[in-house]
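Thank you all for coming. Please take a moment to look at the sequence and the model on the screen, and then I will walk you through a few places in it.

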Amino acid sequence: MDESELIRRFFSPLGARRADVSLGIGDDAALLRLPAGSELVLTTDALVEGVHFLPHASARSLGHRALAVNLSDIAAMGAAPSWLLLSLILPQVQEAWLSDFCAGLAPLAERHAVALVGGNLSRGPLSITVELAGVVPAGQALKRQGARPGDAIYVSGTPGDAAAGRLMLTRQADVPARTRAADAALIDRFEYPTPRVALGEGLRSLASACIDVSDGLYTDARRMLSASGCAGQIDAALLPLSDPLRGLASQEGWSSSQMLQLALSGGEDYELCFCAPPARQSALQALAVTLGVRITRIGAVIAGTGITVTSSNPDLPQSLESASFDHFGR
């Protein structure tokens, strides 16, 4: 198949159909209509083999993750996702791979009403880049800045699961078959993250600051508080650890310190970390119940700089500055 046939067969039908798309795939660029009274939110992320995913990773998982990581950025802004541009660099055309990739991306795009409106195809080492646009009512976008001393720090979901899942995938050849089923929930959290789009929209009137957790809870919370000109304290005893993660830690013989460090610095959770005044605690819990999303207060915003971790465990360091992911860190 040539490029035109690839686009017609695999990508033209992909994604939601939106009335605000004047012109989508098939021209030099897309024409889109921005709703009145809204601001445009743009984000982009790349998945590179060997950096963001393992060699021979499932194409279905890659399709899902390519969109999910961008949806998480849109969620952190309190925006509603709208339009998608997809750039695929492929070593070769494999119809089965493309079918699986689209099968991973399509349900997520349709669930969040995202239209695929263009992109690019080329040959080279496998790389997937998504540019995602969303809209938010003017003046209502969530930002990293805005937290104030006295606010509480929250996180959604159960951080550490995705990092544990990735660890299991890297060691899967050495893991006995009897344990692989037990680890499936953790692997699923890595391969098929759940972007918290509805939560982000619900936090517009409740959160004072917000960030998505991609490089590790500790690092991303520190970035949010730095942008707010504040410091923070995280209570390790409050971290929401999942039963699968606790089970894996027991199975592997990890210390509680090792398990907590994975939750704080493992990364790729694509949860939301946010701050809110204590008076909004009840409203936040009501939102969590309505959406069926777990949110947990894990600490507090204080004056100063940086983040400290308080714990009864003497082996857990107060600072994890060097533990989280950084593309260009040493």
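Let me begin with a question: which side chain of opposite charge is nearest to E191, and how many Å away is it? What you see is a predicted model, and in this model the side chain in question is R65, which lies 8.0 Å from E191. A salt bridge would need a nitrogen and a carboxyl oxygen within 4 Å, and E191, although it is buried, has no salt bridge. As for where to find this residue, E191 belongs to helix α6, which covers residues 184-191.

Let me turn now to the aromatic rings. A pair of such rings is described by the distance of the centres and the angle of the planes. The count in this model comes to three aromatic pairs. In one of them, the ring centres of W97 and F101 are 5.3 Å apart and the planes meet at 10 degrees, so this pair is stacked. W97 and F101 are four residues apart in helix α3, residues 95-111, and therefore about one helical turn separates them. Both W97 and F101 are buried.

Another pair is formed by Y154 and F274, whose ring centres are 5.2 Å apart and whose planes are at 10 degrees, so that this pair, too, is stacked. Here the pair links distant parts of the chain, since Y154 sits in strand β7, residues 152-156, while F274 sits in strand β10, residues 271-276, and the two are 120 residues apart. Both Y154 and F274 are buried.

Finally, let us step back to the whole chain, which has 11 helices and 12 strands. For 330 residues, a compact globule would have a radius of gyration near 20 Å, and because the chain has 20 Å, the two values agree. Along the principal axes, the C-alpha atoms fill a box of roughly 60 × 55 × 40 Å. Buried residues make up 49% of the 330 residues. Of the contacts between residues at least 6 apart in sequence, 86% join residues at least 24 apart.

Terms used: Residues are numbered from 1 along each chain as its sequence is written. This is a predicted model: local features need pLDDT of at least 70, side-chain atom pairs count only at pLDDT 80 or more; totals for chains, interfaces and linings use all residues. Side-chain values use heavy atoms; hydrogens and water are left out. Buried means under 20% relative accessible area, exposed over 50%, partly exposed in between (1.4 Å probe, protein chains only). Lys and Arg count as positive and Asp and Glu as negative; His and the chain ends are not counted. Rings of Phe, Tyr and Trp (its six-membered ring) pair if their centres lie within 6.5 Å; planes under 30 degrees apart count as stacked, over 60 as edge-to-face and the rest as tilted. The radius of gyration is taken over C-alpha atoms; the globule rule is 2.2 Å times the number of residues to the power 0.38. Contact means heavy atoms within 4.5 Å.
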